[in-house]
Structures are given as C-alpha cells and as structure tokens.
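Open your viewer and get ready for a short walk through a protein. We will begin with the whole chain and then stop at a few single residues.

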Amino acid sequence: MCQPATAQQTATTEADASAPNPDIVVTGTRITSNGNALPTPVTVVSRDTLLRTSPSSVSDALKKLPAFALSRGSAIQGDATDNATGNYLNLRGFGIQRNLILLDGHRVAPTSYTGAVDANILPQMLMQRVDVVTGGASAVYGSDAVSGVVNFVLDRKFEGLKVEGNSGISSRGDAYSWRAAAAFGTDFANDRGHFMASYEHFQQDGFVKEARKSGRTVYAIAGSGTQGDPFRLISDARNAQISFRGSIFSSPLAGQVFTGPGVTGPFVHGTPQGGSLESGGEGFYGKGSSGTADVKTDQAYARLDYELTDGINAFVQGVFAKSRNFNYFYPNLVLPLAVGTDNAFLAPATQAAIGDPLFIFGRVFDDPDHRIAVQSDSKTWIAAGGLDGKIGGLNWNVYYQHGVSSTVNSFINNTINGNLYAALDAVDEGSFRTGTANGNIVCRATLTNPGSQAGCVPLNAFGAPLSTQQAAFDYVFGTSRTRPEFTLDNIEASLSGTAFDNWAGPVRFAISGEYRWTSLDVTTNAPATLTADCTGIRFNCTPGATPYFSNAQVTPILVSQNVKEAALEVEFPLLKDSGLGNASLNGAVRYTDYSTSGGVTTWKIGGEWVPIDGLRFRGTYSRDIRAPSLYDLFQPATVATSGYSDAHTGFNGIIPTETAGNSSLTPEVARTLTAGVVFAPSSLRGLSLSIDYYRINMSNAISEVDGRLATVQNLCEEAGGTGPFCSLYERPLDFSDRSVANAPTLVRSTKLNAASLKTWGIDAELNYSFQLGSDGQMSLRGLAGYQPEFTSVLLPGTDPQILAGAAAIQQSGGVPKLRLTAFINYTNSNFSIDVMERWRSSLRQSTNEQENSSPGTYYAIPRVPSVAYTDLTFTAFIGKDKDKQLFLSVQNLFDKQPPAYVIAGFSGTPGFQYPSVVGDDVIGRYFTIGGRFKF
C-alpha cells in the first residue's frame, strides 16, 4: 500500500496525517524508501484540502499554488485549433509541455498538439493526494519532466461508499456550476481482492466579457513605445480600419461605410490614437468574446486488484473521461475583398460613384448568431494492467498501458472561402440574361458556369438587415472540425531493492526499462484538396491555392514514433549515526532512443545530509529533456489569415499566414540545480520549514519562429533580404522595393531549436499544527515562490525578454516575481473553517529589461498592481466520525476585481482578450454549497 509522505515532513493535511510507512514510493524516486529522505523537493497536497478551498476541481486548486504560473484554464481565450481552455498546468511558467503529468506514477496520453495533458480528464473522486516535484526528473521519469512532475495519486485501498455534490453561482448571478460524484470500494475473496470504482460530473457556465464591468470596457495599448510616444492605455478602443456596417477601401468612396441597403455614408471616427487605433467611433472590437468558457467534464474509473499468490499481485484498471469546453472567440470578419461594382445589392447611385469595375470591401459581423465560437470535445480511454511481487528480497513489477485521447476542435461560423466569394458576386438574373431586371438576385457563378457552386445563396453584406438572410449565412459560414487523436502504448518493467550493505546501511537500486509507442492521427472535415472550388468565381479565389476554410484549417496527418528507454537509480548511504550525522547520495541515469531524433542521455545526482535531528540539507543537479511532440515534428503546412504590420513596406492589414512543423527538431536539453534545507525540530512537534533554491538553464528550446514578429522581421532587414529568416516572406517584387505594393503575399511560421530559457528562484514552505482548545486543531501552511529571473531569447542575437515580474496574457508574457499562498484550518468535533489567501506581486508592463529608461521601451502606464484573493469555507460535521459534511464555500470573498492589463501585441484587435493578467480572478465573488457523505 502506498501511503502518503512528503519531502518537507509536513503534517498539515489529511494526506500527511498518517505516519508514513518506512517502505513507500514517493514521487521523485523509483526506489522504495522513506519519502521524508528525498534530495528532490516535493510538495504534497491532499485532495480534500484542495477541494475544500476550490470545490470546482483539483486542478483549479493547484493553479493557486505558487509553483504554478501561466497555467491554462477556462479564463484563457479559446484557440481555433487546440483545446486552449482545458486545464493545463504550468510549473513556474516554463511551459505546459515541459512538466510531466502522471496518474499513479504513469504517463498519460496527451490531449493537446503540444503533447500536454488536460488535467480535467483525470479521475478525482478516488484521488488521495497530488505530489508536485519541483525539480528536474527526466532521469527518473523520462521526457517532459524538465520543470518537474505533477503526479495524481489514487487511494488504491478505498473501502465504503461516498457521494459528493455541490452547486455554485457568482454574486452576479452567472457562472452557474454543479458537481455530482460517487465512489465505491470493497474487499472480496477473504481480502485477497479489492475492487473500487468512481464516477464524477462537473459543469460550469461561461460568460461573455460584456457581462462584467471589468470586461465591458474595451482597452488597448496605443503609442509606439518611444520616449516621445510612449505606450499608453486607452479605453473605448476601436480598430478604425473596418466597421461593423461594412467599409469601402478603394474607389472615390474609400473610407465610407454602408449606412443602409446598398447606400453609403461617412465612417464615424473616434479620437485618433495612432495607427489603426481610435478611442470611440464605430470601428470594430472584440464584441461578444467570452470572459470564461463553458466547461463540462465526466470521469469514470474502475480498478480490480487480486493477490494471486503470497508474493504476486495483479491488477487491471480502466479510465474513461470526456470534457467539453466552449467559448465565443471573436466577431466574424470578412477581410478586405474585391467585389464587382455591378453587384445587384448596390444602389445605382453607389455603383455610379464607385466608377471602377470593382472595389475593395470588408466587414465585421457582430450579431450573436454569426460570431465565431470554439468548442473542444475530448475523450480519453486508458486501459492498464500489471503484475508486481517479490523475489529473493527484490521488488519487481511489469506494467502495460493503452491510452487513446481524442479531441474534436470545432471552429463554429468559420468562413467557407469559395462560398463567400461566390455569394458576394450577385447579379440580377433578368439583367444578366436579357438586360431587363426581374428582381431575382442570384450568384453569378451559377449562371456563367451552370452546375457549379450548387446551392449558392447570394449575400447582401452592404447594409441590409442580417436577420432576413439566414440562408445566405448558412451557405457562407460553416463549422470546421479537426480531430487530433493520440495513441499511447507503453510497456514498463522494473526491479528494485537492496544490492548490498555498506558501512552506512543498505545500498538500494532500481532498474527500469520501457518501450513506448505513440501515434498522432489528425483528421478534418475539410475536403481532401483543402482548397476552395473557384469555378465561375471572378474575384479573390485562386484555383488550387485558396484555403477551403478561412481559419484554423489543419492538414490531416498520420505519424508515429517509438521510444526505448533504460534507467538505473541508486541510493548510496554515506554516513549513519556518526559524529557528522547521516548522509546519502542518490543518482540516476537514463538512456532514451527516439525513432524520430535518435538517442539522448539524462542523468541526476543528488544528496542529503542530516547533521542533527530535525535539520536536513538536500540538493540535486540534473540533465533533463523535453522531446519535440509529433506535431512539432510533422505539422503539415496550414494557411490562415492574420493581422500583420510589415516593417519593410509599412503595410498594416490582413495577410495569409502559413504554419508548419520541422522534422529536424531535436530534444530540448536543460540543466537543473536545486539546493535546500528542511528544518523540523522534534522539540516543537508539528513545525516544519523548507527553503529550496532552483536554477534551470535551457539553451536549445523549441520555439515557433513567426515571421509576423518584429524581431524576426528585423533579422531579415539587417541581412538585407538574404538572411535565412527572409525565407519566411513571399513578396511579389524585389526586396529593394519598399512600396506597399511589395507587402508579403504570405508570411510563414515554423519551429526551431533556437530559443533559450533560464530561470532561478526560491521556494519556501512553512507548516505548523497545534491543538487549540479541548478538541480543536489549528493548522497553518504557507507556500512562497520567489522567481526574480526568468529570461527568454527567441533567437540568438535578439534582445532577451525579461519575463520575471512582467505581466502576461494568454500563453505569452511573464510571471510575478513573488507569489504567496497560505492555508489556515481550524477543526473541532463539530465544524471546520478553511481560509486560503493568495497574493501576487505587482508587474511591469513590458518584458524589456530597461523599461522606462533609455534605450528601452517607454510606458506612460503605471505597473499592474499587486492583488490578493481570499477564499473561505465553513464545513459542518454530521455525526461523530466527521464522515458526513455540509459546507459553504465563498471564493474571492471580498470580490476583488482584476487590475486592468492589455498586452501591446493585441492593440490591432481591441477587446479580443479579457483585460487582465493570467491567473487573476475574472469571475469575482463565488458561492458554492454542497455536501460530502461517506457510508
């Protein structure tokens, strides 16, 4: 039986309450040993503690701990091709793909293209605790364990029946949620067998940004960041290029909008703020985007253990989970397109004023029925089985797992390019055939090329009411779907025990081997050609080149790789009960062979020294890796459209962008150092203090080199158009031409082992528990994360981005330098009170180190202030055993609103993101009432 223990010797949670068995396996090592003597820092938190303060999910609660930063969740704006609103944990902001997620010590099949795992799929009802290893662990657990490991540990010996349920709502009457769960466990066959199973459902409604005062104001960053024109925060921000009513970009009517069916009038402008930004006016913004996503999860789990003989145990288990995340992404943009002046929906006076055979037109559709939405539906199946036992004093086990994770990413109201172009080329059928109008407006292509563009419905996008054109919208907009399916099969075997005794005690070892086969199968509902049918279409459509869907179109692939691994871990005692105390060394080495990128070796050396009782020093140094995901390697070229500002020509508008993988990528390599001290004096029972230093350096990090970025553009400019990064741009004319006519017709993005990351910091944890009153117990737990350095260099020779202490939005940006979380619990025979307080330090606006000082980036905006949130839970016990409970939880007790922050990079699309820092609470005060009952 695996009983809980912690490397910090804490005793403040249910998971820590039991005295640890001297022979247990704790995350951070594969050697059976006492978990309190690990050189690797491990933070252990029980499931019950996490859910008491965050009743929604264990993962939501984990994200409130200082070790986690920039984790994804329902408050992250959804992504068009990946499940960005899933619960993806991120240790120290180092990347969701660089910490390894385990279930009972075993790797879980990815649910994201990045190779990361949505923790929403993991069974929670039978979860006992979560172990968070905050140091490199690739030599012990394999690839991805660069910043650490998050191991969700199940209670394999649960007996009885327990049911739980709760319901919650915000103080504003939205974000309604409910949760219901049950678990059962029993022994059988004279205690030789054990069976347990659980099921859990949770769902929470999202809300649009405008539902909240803090999300209703549309912010943007204006200015160029120079000393004379510093970045500044503006409100009521609008993009003045395109109107919700439709804008004309060429001809004598350029700059006008459609004020009624087919007729034009002046564009109502606001106050200019530089570039395309205005304050006020009728320009477009992210109207109707979600503040948080709808979330729905289901998890089912079953396990059967049986003792075959006195020395051999067998088990089989199964996991099924599904989750749905839905959010409104953005208003639907019809980007600047060529339209025939003879369009039948245009008033004759408008046609005459335009004069030219065609004009350039664009529009934003903001009505609720046609805004873009993103939905991700994930399903995960895991079947596993194994044997374990003892032979000759050694422990052995074999394990097999088959896991499949499939996610359908739906991009709702995606523009079907060919249909749009055909629908915008509308003519009067009578005028076209005979020269006499008959009022029957049809798509020109159906007349010029009979049989083509079947079902085409003409679209009047020129000021006509949208409510009367549902058939046209159904023809022009559709739902694109991509489905990445990951399959993971792995076979593991290990042998551990004592090799021999030396002068200080037993020398213990663990030998393990693993064969892992993974595949990625991506399918789509786009036609096999992935391109639009341009038959009969006069404008905008290029045969064989125009994408079928306007956004989020993914090319199908079927790729796989196999991984062979062998590892050795040794614990070597040095001192025992000597005048210098006790000491030991721990080392591990792993060789991994990837069929895609070859072999790589990882290793770890660590040690611990206990000079006196209650004082322990520990440290590790390791070489860790993160292998490129299959999608990093083999992502096919996909084309979408995006906003772009061209440093070469001054062009600022919408262009096609191409994204592709790189099969030459190699594993990322990091060097990690940890050193710390644990103080737990026996004279003061219940007190422990740990302080750990860490440093991670990664020199060949995989990064997406995006040609839209100013830094990448500058590298091409400095090379005079001949450098390697200039291949990211396709231009119609020679590089020497700097006119707008030479703006790129395509900008590429690809992945390279070109970036570097480095960070260092200090983690601290204080625990103290004591009796208060005749039957009361008080527990205090404080965790601190201090991260003064976190630096990223996208490409050699480019300016470093100083992420420590910088604000962050979406998955980019930095982390607060100081993060604090405190737990206070008082429990007696009748009730308990839990308080959780979390705080982050203030943040700079810029990731530039020399903010507000020459030659850095200049801001006329104050720092994003620090913020604190308080969660309070009252639990009443029914009966003497405390196994029946009713509770009331209030999260964000004081209704603290998130300080406003908008990243400068989203200035061209104001209102696209919720104006707050990742991790800040956008929901506000939230009430949850529920019960937990065990029988």
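Predicted model: local features only at pLDDT ≥ 70, side-chain atom pairs only at ≥ 80, totals over all residues.

Now turn the view along the principal axes: the C-alpha atoms fill a box of roughly 100 × 60 × 60 Å. Of the 935 residues, 58% count as buried.

If you display contacts between residues at least 6 apart in sequence, 69% of them join residues at least 24 apart.

**First stop: Asp763**

Select Asp763, in strand β39, which spans residues 746-771. Is Asp763 buried or exposed? Its relative accessibility is 15%, and the cut-off for buried is under 20%, so Asp763 counts as buried. Show side chains here, and you will find a polar contact of 2.6 Å between the side chains of Asp763 and Arg92. Leaving aside residues up to four places away in sequence, Asp763 touches several others, among them Thr134, Ser690, Tyr694 and Gly785.

**Second stop: Lys880**

Move on to Lys880, in the loop between β46 (867-877) and β47 (884-891). With a relative accessible area of 83%, Lys880 is exposed. Now select Gly536 as well and draw a line between the two C-alpha atoms: Lys880 and Gly536 are 80 Å apart in space and 344 residues apart in sequence.

Select Asp144, in the loop between α4 (138-141) and β5 (148-154). What is phi of Asp144 near? The angle is near 90°, a positive value in a residue other than glycine. Asp144 counts as buried, at 13% relative accessibility.

Finish at Asn892, which lies in the loop between β47 and β48 (926-934). Phi of Asn892 is near 55°, again a positive value in a residue other than glycine. Asn892 is buried, with a relative accessible area of 2%.

Conventions:
Residues numbered from 1 in each chain as written. Heavy atoms only, no water. Buried < 20%, exposed > 50% of the residue type's maximum accessible area, 1.4 Å probe, protein only. Contact = heavy atoms within 4.5 Å. Helix = DSSP H or I, 4+ residues; strand = E, 2+ residues; numbered from the N terminus. Polar contact = N/O pair within 3.5 Å; in protein donor to acceptor, adjacent residues only side chain to side chain.
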